[in-house]
Amino acid sequence: MRKINLILATLFTVMVFGTAQAQDDEYLTDENLRRYAIMEEVIDDMKSEISVVLNDMIKNQEGIDGKRYSELKSGSGEAASDFENKFMDQINNMVEERKEAIGDVVKILATKMLPDGGKAYNAIKSKLASDEELKTKYAAIKAEVTGETAE
């Protein structure tokens with residue numbers, strides 16, 4: 001009886017995993033990959049905007065340059081003054097707010113642009129991390145979306 005239960009449990013697990021895998025594979029269409037590429041392009045643009053704003057804040061802040069910012073960020077060099085600590089707090093707050101906004105955008109786009117919301121997004125993201133053939137296909141689709149050549 002234990003053998004039968006073990007076999008049934010194993011079969012059930014294989015069936016559930018197989019069904020989940022098949023469902024994940026149904027999300028890997030060219031259209032979904034194109035939508036995912038568009039989402040990633042938006043996210044990449046938002047991330048790069050953080051650097052632009054950060055560099056502008058440093059450039060426009062009297063008494064702090066790129067070198068001093070690097071020292072403050074790494075904790076090396078001369079100890080930070082109260083003014084520098086406040087400035088670093090402002091920078092850290094700006095970066096965190098923008099990262100949170102990016103996270104919110106990812107959630108919204110994943111649920112609005114792809115079928116089954118986050119399930120399709122997660123399936124594509126997971127498969128891209130492990131499937132070389134899909135990575136190559138996605139690179140071509142992303143290059144088409146961004147107007148660049150695939151690497």
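Helices are DSSP runs of H or I with at least four residues, and strands are runs of E with at least two; both are numbered from the N terminus. The structure is a predicted model, in which local features need pLDDT of at least 70 and side-chain atom pairs count only at pLDDT 80 or more, while totals for chains, interfaces and linings use all residues. Residues are numbered from 1 along each chain as its sequence is written, and side-chain values use heavy atoms, with hydrogens and water left out.

**Arg 68 and Glu 84**

Arg 68 belongs to helix α3 (residues 66–74), and Glu 84 to helix α4. Buried means under 20% relative accessible area, exposed over 50%, and partly exposed in between (1.4 Å probe, protein chains only). The table applies this term to the two residues.

| Residue | Relative accessible area | Class |
|---|---|---|
| Arg 68 | 10% | buried |
| Glu 84 | 11% | buried |

Contact means heavy atoms within 4.5 Å. Neighbours within four places in sequence left aside, Arg 68 touches Ser 76, Gly 77, Glu 78, Ala 79, Ala 80 and Glu 84. With the same exclusion, the contacts of Glu 84 are Ile 64, Arg 68, Leu 72 and Ala 79. A polar atom of the Arg 68 side chain lies 3.3 Å from the backbone oxygen of Ala 79. This is a polar contact, that is, a pair of N or O atoms within 3.5 Å; within protein, one must be able to donate a hydrogen and the other to accept it, and residues adjacent in sequence count only if both atoms are side-chain atoms.

**Helices α2 and α4**

Two packed helices are described by the angle between their axes and the distance between the axes. Helix α2 (residues 30–60) packs with helix α4 (residues 82–113) at an angle of about 170°, and their axes are 10 Å apart. The two helices are therefore roughly antiparallel, a term for angles over 145 degrees. Their contact comprises 21 nonpolar residues, one polar and five charged. Among the buried residues of α2 are Leu 33, Tyr 36, Ile 43 and Val 53.

**Helix α6**

The end C-alpha atoms of helix α6 (residues 132–146) are 21 Å apart, which agrees with the 21 Å that its 15 residues should span at 1.5 Å a residue. Leu 134, Tyr 138, Ile 141 and Ala 143 are its buried residues, and they pack against α2 and α5 (118–130). At the N-terminal end, Asp 131 caps α6, with a side-chain oxygen 3.0 Å from the backbone nitrogen of Glu 133. Gly 147 follows α6 and has a positive phi, near 80°.

Methods:
Axes are lines fitted to C-alpha atoms, for helices over the stretch in contact, and angles run from 0 to 180 degrees between N-to-C directions. Angles under 35 degrees count as roughly parallel, over 145 as roughly antiparallel, 65 to 115 as roughly perpendicular and the rest as oblique. Ala, Val, Leu, Ile, Met, Phe, Trp, Tyr, Cys and Pro count as nonpolar, Asp, Glu, Lys and Arg as charged, and the others, Gly among them, as polar. The expected span of a helix is 1.5 Å times one less than its number of residues.
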